[in-house]
Amino acid sequence: MGPRNEDIQSLAKDQSAADAWVNTNIVPYKDDVQFKLITIGNEAISGQSSSYIPDAMNNIMNSLALFGLGTTKVTTVVPMNALSTSYPPSDGAFGSDITSIMTSIMAILAVQDSPLLINVYPYFAYASDPTHISLDYALFTSTAPVVVDQGLEYYNLFDGMVDAFNAALDKIGFGQITLIVAETGWPTAGNEPYTSVANAQTYNKNLLNHVTQKGTPKRPEYIMPTFFFEMFNEDLKQPTVEQNFGFFFPNMNPVYPFW
């Protein structure tokens, strides 16, 4: 659950705005819904509201405490392009323009023991550079390590992308912060041959098997919560790839067998 990106600035500047948001959107449902995380910004970094995220997080935390919801944690969701470098994974680093903001955010997360949420899409990396990134590496179907980085073997791109974030956190002194993948998926249409039902089905099935059984090479013991993107195709989105990440059509028929 989280406010709109457009509301971050007002939440940062005005405690009463944060109180009103929590009172309207969380308090009426608190007896029936367990709110674990409030996300302040979805891919708002490095947009124009980036600098307001830490203050907005603090104000929402104050509001949660005010209404007796202090166990609900506050975080943010960052995209892959928050990293200026992601290959090899050990070189992962936040962009110089957001390092200070990310450090402030991580300090807030550390106090709460809250995770950082990241959006990870091997599809976009593969489709933008299929000459250097193999489909097997993107779909979890490689049978041999594709990347060996400081002794760690990477059989899939997903792990490499996640560990680039882990490396970036190490570099700013917050390697203890855990990660949750807030979005990942593969589109079924819109950019053939990279998009297809077969590729989407393979990626999502292999992802599910992978993240429920093991961690990444850098964090092998950590079973990382991971959310699929997404339940339904969004036919009102801009054509065409962005419309086709869903497991179901808008009429609720399945796009392909999965569940």
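**Sheet and helix packing in the predicted model**

Helix α7 (residues 157–171) lies across β2, β5 (116–119), β8 (179–184) and β9, and runs at about 135° to β8. Here contact denotes heavy atoms within 4.5 Å; axes are lines fitted to C-alpha atoms, for helices over the stretch in contact, and angles run from 0 to 180 degrees between N-to-C directions. Helices (H or I, at least four residues) and strands (E, at least two) are DSSP runs, numbered from the N terminus. The model is predicted: local features need pLDDT of at least 70 and side-chain atom pairs count only at pLDDT 80 or more, whereas totals for chains, interfaces and linings use all residues. Residues are numbered from 1 along each chain as its sequence is written, and side-chain values use heavy atoms, with hydrogens and water left out.

The strands form an open sheet of five, in the order β1-β2-β5-β8-β9, with parallel pairing; two strands count as paired if DSSP finds at least two bridges between them. The edge positions are held by β1 (37–42) and β9 (226–228), each of which pairs on one side only. From one strand to the next, the twist averages 25°.

Strand β1 pairs with strand β2 (residues 73–78) in the parallel sense over four bridges, and Ile38 stands opposite Val74 in β2. The parallel pairing of β2 with β5 comprises two bridges, with Val78 opposite Ile118 in β5. Between β5 and β8, parallel pairing extends over four bridges; the bridge partner of Ile118 in β8 is Val181. Both faces of β5 are covered, as Leu116 and Ile118 on one side and Leu117 and Asn119 on the other are all buried (under 20% relative accessible area, with a 1.4 Å probe and protein chains only).

A further packing arrangement involves two helices. Helix α2 (residues 15–25) packs against helix α3 (residues 53–66) at an angle of about 55°, with their axes 8 Å apart. The pair is therefore oblique, a class that excludes angles under 35 degrees (roughly parallel), over 145 (roughly antiparallel) and from 65 to 115 (roughly perpendicular). The crossing of α2 and α3 is right-handed, the near helix being turned clockwise from the far one by less than a right angle. Gln15, Ala18, Asp19, Trp21 and Val22 of α2 make the contact with Asn59, Ile60, Asn62, Ser63, Leu64 and Leu66 of α3. By class, this contact has six nonpolar, four polar and one charged residues.

Conventions:
Ala, Val, Leu, Ile, Met, Phe, Trp, Tyr, Cys and Pro count as nonpolar, Asp, Glu, Lys and Arg as charged, and the others, Gly among them, as polar. Buried means under 20% relative accessible area, exposed over 50%, partly exposed in between (1.4 Å probe, protein chains only).
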